[in-house]
Amino acid sequence: MLRLGLLTAISLLLAPAVFSQTVARKPLPTEPLEKYDNPPAVAAPALVISPALTSQFGPYTSYQVNVDVNGNNRVGDAANEPSICVDPTDGNKMSIGWRQFNSVASNFREAGFAYTTNGGTRWIAPGILQNNVFRSDPVLNSDTVGRFFYLSLLQNFFDDLWRSITGGQSWTLVGPADGGDKEWFTIDRTNSSGHGFQYQCWSMDGNNYGGRQFTRSTDGGATWMNPINIPNSPAWGTLDVDSAGNLFIGGVNLNTRGIWCVRSINAKNGGVVPTFDQSRAVNLGGDIVFSEPINPEGLVGQVFLAADRSGTSTNDNVYMLASVQPSGFTDGSDVMFVRSTDGGSTFSAPRQINDDPVNHAKWHWFGTLSVAPNGRIDAVWLDTRNAANNSDSQLFYSYSIDGGNAWSRNVAVSNTFNPFVGYPNQFKLGDYITVVSDDASANVAYAATFNGEEDIYYIRIPPSAALLQTSLDNISTRSFVQTGENVMIGGFIVEGTGPKRVIIRAIGPELAQYGIANALANPRLELHNRTGALIGSNDDWRTTILGGVITTNQVSEIQTSGHVPTAASESAIIADLQPGNYTAIVNGVNNTTGVALVEVYDLD
């Protein structure tokens, strides 16, 4: 069977000037996102349980995680903000932590946890870290020998750290861990001098250290250094180390909205106070936003950063991904990705990972990513593309095997759910979901309301999931087309053993009907093979340019393809392509500039 592996990689250049207008954003909050509001709810007379839910969507199975010791669902509680860790020595052992609300009548929350020993098909939740202790922002991680760590935010905006040597079955308090609101931490699992070091950062809000945001532990979390400042104050983000133990922190400045990647090359030296030698502004094609209709009291997404330690050709790449509201718009969000191949010194133009047609009423939210030991990048997010009400959501997945140049077709891997039900006296589904990748699959922890309550689910997604679909449907990505080297460049891969018939389109004027200003009036399309050789071109689809893979007049076939462009100045190429890598380049005739869309459709 032939398959078009749709690994699209469209270079997006979505600077704020793209739409020739400045849009006022809601200010980001100047108070902590996590704070004590309600006392614990009055306990119900009796605990009501129901069978735990297993949600089947085609070949994909989501297993409920927040269950009792007998594997039953607790009726009337809520759970969100899941964080997952996986034992690197035994992938069947995992643990997930979450914000546990014992009753939806109160937003008082505790630190829930569960474990599995069989690869995630059965979960057991023995209880919480501490009864009647307010906790939030759970973050879990594991070290090289399979010890699990649980970082938890307390009511006083300090953290403490817990450790499990039983695969998450039981937890022991390690001790205080500095920290603050929206904390995150990573563990150095490289062979560098920083092996085993733990690095932590947190927000400027809910901060007990006068704005200082970073600390380090060199002894497994037992003690932490006096916190220090991070240049440009990145918050609501994550951190990671490359194969040499160099530390990278990604996040957003809450005052300027600027997104930053900050590096330290000496944090791995336990004998010195770390310094940050590099701080780079990162363009993700939009803004981190808060309190939007899809998640009224929470984030649409935070900034995720991950480094490649695969030892392959993509080793030491640094990736950043977030669900952002596109520049120039006040509704909807897209999952955007950038990469650095030079240690965070420079980053690529932002690339849109969600591949549905442009519709700014749609939300692609809670985007997150992870890098597998073999270098594969996995991305997951919640997505409203299939919802008539623009709010019912599904979990979607895409992956890249070439360092983010090309991405698989998006695939829905869960049933649809209503994100607005089951609120625990707090109108949000949390602020994030998480994924940890192994060489075979993406291990995902996410919140959903399949049974009418906010619950935590686990799903294991093999990368082949995105290739099981044999029809291409609509793969499209928008970009601002400039001149010279800043034109639109998109890559895709044809897989299989024989040719695949496709139509590639460059769309400009049609975008105006979607409210997009400054659409490219006359887009020109070029098709190149993996060597870079030009194998086809078009300028105005009603005029065929013979040469390369284009051997006959294509006007009639384009008209009957079901994908005819709406404007005569738009371009299209139909081609029979052998398996391999291809690149589509879109530029403006006579060096004109504007917003364009490149699309690839499977005609077989």
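Select Ser340 first: in this predicted model, Ser340 is buried, because its relative accessible area is 0%, and the cut-off for that label is under 20%. Colouring by secondary structure places Ser340 in strand S26, which covers residues 334–340.

Keep Ser340 selected and show side chains around it. The side chain of Ser340 makes a polar contact of 2.8 Å with the side chain of Asp342, and the Ser340 side chain also reaches the backbone nitrogen of Gly344, at 2.8 Å.

Now turn to the largest pocket, which holds about 930 Å³ of space. To find its centre, select Asn141, Arg189, Arg309, Ser370 and Val436, which are the closest to that centre among the 39 residues of the lining. Then show the strands that each give two or more residues to this lining, namely S6 (78–86), S10 (135–142), S14 (184–187), S17 (239–241), S24 (304–307), S28 (364–371) and S32 (434–437).

Finally, colour the lining by residue class: the residues around the largest pocket divide into 19 nonpolar, 15 polar and five charged.

Conventions:
Residues numbered from 1 in each chain as written. Predicted model: local features only at pLDDT ≥ 70, side-chain atom pairs only at ≥ 80, totals over all residues. Heavy atoms only, no water. 1 Å grid on protein atoms, 1.4 Å probe; cavity = no way out; pocket = protein on both sides within 12 Å on 5 of 7 lines; lining within 4 Å. Points joined across faces, edges and corners; volume = space filled by probe spheres on them. Helix = DSSP H or I, 4+ residues; strand = E, 2+ residues; numbered from the N terminus. Nonpolar A, V, L, I, M, F, W, Y, C, P; charged D, E, K, R; others polar. Buried < 20%, exposed > 50% of the residue type's maximum accessible area, 1.4 Å probe, protein only. Polar contact = N/O pair within 3.5 Å; in protein donor to acceptor, adjacent residues only side chain to side chain.
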